[in-house]
Amino acid sequence: MSSLPATIASSMKPNNFDENRWVIQIRQTLDEELDEDANIPVCIFNVPKILMATDPDSYIPQQIAFGPYHYFQPEMYEMERYKLAAAKRAQKKNENLNFEHLVKKLTKLEPRIRACYHRYLNFDCETLAWMMAVDACFLLEFLQVYAVKESQVLPPRMSHLVDVTGRKSAQDAMVRDMAMLENQIPLFILRKMLKFHFSSSELADDMLLSMLMGFCKELSPFKMTEHLPNVQVKNRAHLLDFLYHMIVPESKELPAIVEVEEHKNEEDEKEVGSKTFGESSHVKQLLHFIYRLLSKLNHGPVRLLKRLLSKPLKVMVKLPLTILSNLPGIRILKQPLEILFSSVQEDEGKPENEDSSNNISKPPLVEEISIPSVTDLYKSGVYFSPTNGGVMDISFDHKTFTLHLPVVSLDVNTGVILRNLVAYEACKASGPLVFTRYTELMNGIIDTTEDAKFLRERGIIINRLKSDEEVANLWNGMSKSVKLTKVPFLDKAIEDVNKYYSGRWKVKVANFMKVYVFGSWQFLTLLAAIMMLCLTTLQAFCSVYKCSRIFHIEELE
């Protein structure tokens, strides 16, 4: 999508607006640019406001600006001399590189450059071309550090900013800025620059690929050692796009975006909720269990209780469920019994494949994934294992009850990188938001410092921050998402974990006690009434029969 020349913007001012000139400029713009850039997609976006509001410093460059969005901010002026020095060295090193000639070539590419940016660029053609040329020279010299051999020496002006080991603080700040969505320049400009240094486009692309692969390996939080994706330079829009496709490789198996349909899902939930108790037999299960338990006991006063209660229990078991559920006392037990017996009945009555396929088509209804924390999962029997792959290799093993997660390395730049990858994924929106869903998963399972410490001890998190508390704060701070989508393989793993966790009797009893015993006065009242009834019955029994003889208790004289 092309932008109008800067002259149109000046002509539209109220004081000197010229309608004829405006029409002429519009006509020229359409004639010159429409055919050339109509099929070029926007790739450098504005960060969505909902994300920008959470942490502006993660999206606005602090030290160096690339491209037109933040170029003329005063705090960026300090780095301009280093950019110009890099441009001079590039021109001196290559006799074929003449900046005037390069700028003229970039001027011809002005419509294509403008088409890459989502925001209107209020610069004239020549200013934009010079800006891109200087930025590209500095960026290429910086990226050479990541493809540099031991025998090569960095330029003196660059050596105090960058080193091969990546330990300079200024280098951290620049790397952080380079990863920002609004701080990108198109990769085709870098390719155009490298063609002056190499005899063919293939050699130029190979050199650029070597630079970008080295840079992204250092920049990526995921230390992937297996199945490294084959990312083509000519198919990538900019540096952040290259990094994103290294972490989330393109896959034909991923379906298109499935957006949330809240009203439809709410109606489905209501229908399921209304049928749950009507189609179940939880109360009958309880009564059968009590009857079987009493039938096995035949000692002391139990023999009398069996005679008194056996017939009423048989009658209650044979009663229709609708009548049984409305009996005094049983009605209070209705909802707790559903919670206690539901998951077992569902597991027995539903095939595993059918349950999974039905849930895959339903998108999530909440922003943060509903999943227990790492500590709670481990206490319930879930194990955690690091995998050498990336986010596409997340899975849950039913046989070993193991959740496989990629190894992620966290340092001072990771928060910025993660946030900008999420922002870029949300803006390009050509498929499911895989990376966003991963960050939501990590946000869901990490609640406290203990959770972060546990994953660090298991080798899933490599912590280069100051403490485990900073790790927990990093993940918990990434709770905002632009759009809720369904990612089949990730949501399948989350669903399997939740299914295993909720099916554990330890968890079911703990939740039952918390909600319906300690948190329900009705249940406590019923329990007290039953105990009083039992004690009263025992007292009446002992008044007729000698309990001391039955229970073998010596009477006190």
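With which residue does arginine 191 form a salt bridge? The partner is aspartate 205, and the closest N and O atoms of the two are 2.9 Å apart. The pair links distant parts of the chain. Arginine 191 sits in helix α10 (residues 187-194), aspartate 205 in helix α11 (residues 201-219), and 14 residues separate them. Both arginine 191 and aspartate 205 are buried.

The model is predicted: local features need pLDDT of at least 70, side-chain atom pairs count only at pLDDT 80 or more, and totals for chains, interfaces and linings use all residues. Residues are numbered from 1 along each chain as its sequence is written, and side-chain values use heavy atoms, with hydrogens and water left out.

A salt bridge is a side-chain nitrogen of Lys or Arg within 4 Å of a carboxyl oxygen of Asp or Glu. Helices are DSSP runs (H or I, at least four residues), numbered from the N terminus. Buried means under 20% relative accessible area (1.4 Å probe, protein chains only).

The structure holds 12 salt bridges. One of them joins the side chains of arginine 114 and glutamate 110, at 2.6 Å from N to O. These residues are four apart in helix α6 (residues 110-116), so about one helical turn separates them. Arginine 114 and glutamate 110 are both buried.

Glutamate 440 also forms a salt bridge, with arginine 437; their closest N and O atoms are 2.8 Å apart. Both lie in helix α21 (residues 434-445), three residues apart, about one turn of the helix. Glutamate 440 and arginine 437 are both buried. Elsewhere, a network of salt bridges links Glu80, Lys83 and Asp135.

Notes:
Helix = DSSP H or I, 4+ residues; strand = E, 2+ residues; numbered from the N terminus. Buried < 20%, exposed > 50% of the residue type's maximum accessible area, 1.4 Å probe, protein only.
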